[in-house]
Amino acid sequence: QVQLVESGGGLVQAGGSLKLSCAASGNIFSSDTMGWFRQAPGKQRGLVATITSGGVTDYADSVKGRFAISRDDAKNTVYLQMNSLKPEDTAVYYCAHRRRSLTWGGAYWGQGTQVIVSS
């Protein structure tokens, strides 16, 4: 089992920045892939950014150039730096952690942290 605890969400004005953190504990492998997903009201949960154990990153088109994912394996923590925030970034943001060989369907999930971007 892996436990994930997100923090850093909140209310911010459009154009502002927030940094989300996700601390992992439990049965963690250094080869695990970590990611951030988000779910806005009335919409399905979707991928925001992922990062492999080798530091390879991937981003949703809607956040490229504005968000940056990083990880600190010594702290078992993944971060999401969000800049130039827009009202459409408003959502609950979830941290996810999966084994390298599995899909996100088999991932562990955090409880989510709310991000609200006001116009």
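**View 1. Thr113 is buried, at 11% relative accessibility.** Buried means under 20% relative accessible area, exposed over 50%, and partly exposed in between, with a 1.4 Å probe and protein chains only. This is a predicted model, in which local features need pLDDT of at least 70 and side-chain atom pairs count only at pLDDT 80 or more, while totals for chains, interfaces and linings use all residues. Residues are numbered from 1 along each chain as its sequence is written, and side-chain values use heavy atoms, with hydrogens and water left out. Thr113 belongs to strand E11, residues 113–118. Strands (E, at least two residues) are DSSP runs, numbered from the N terminus. The Thr113 side chain comes to 3.3 Å from the backbone nitrogen of Gly9. Residues that Thr113 touches include Glu6, Leu20, Ala91 and Tyr93, leaving out those up to four places away in sequence. Contact means heavy atoms within 4.5 Å.

**View 2. Cys22 and Cys95 are joined by a disulfide.** The term covers a pair of cysteine sulfur atoms within 2.5 Å. Here the sulfurs lie 2.1 Å apart. The link is left-handed, with -80° about the S-S bond. Cys22 sits in strand E3 (residues 18–26) and Cys95 in strand E9 (residues 91–98), so the pair ties together parts 73 residues apart in sequence. Both Cys22 and Cys95 are buried.

**View 3. Asn76 has a positive phi, near 50°, though not a glycine.** Its loop runs between strand E7 (67–72) and strand E8 (77–82). Asn76 is partly exposed, with a relative accessible area of 29%.

**View 4. Ser84, also a residue other than glycine, has a positive phi near 50°.** Ser84 lies in the loop between E8 and E9. Its relative accessibility is 41%, partly exposed.

Methods. Helix = DSSP H or I, 4+ residues; strand = E, 2+ residues; numbered from the N terminus. Polar contact = N/O pair within 3.5 Å; in protein donor to acceptor, adjacent residues only side chain to side chain.
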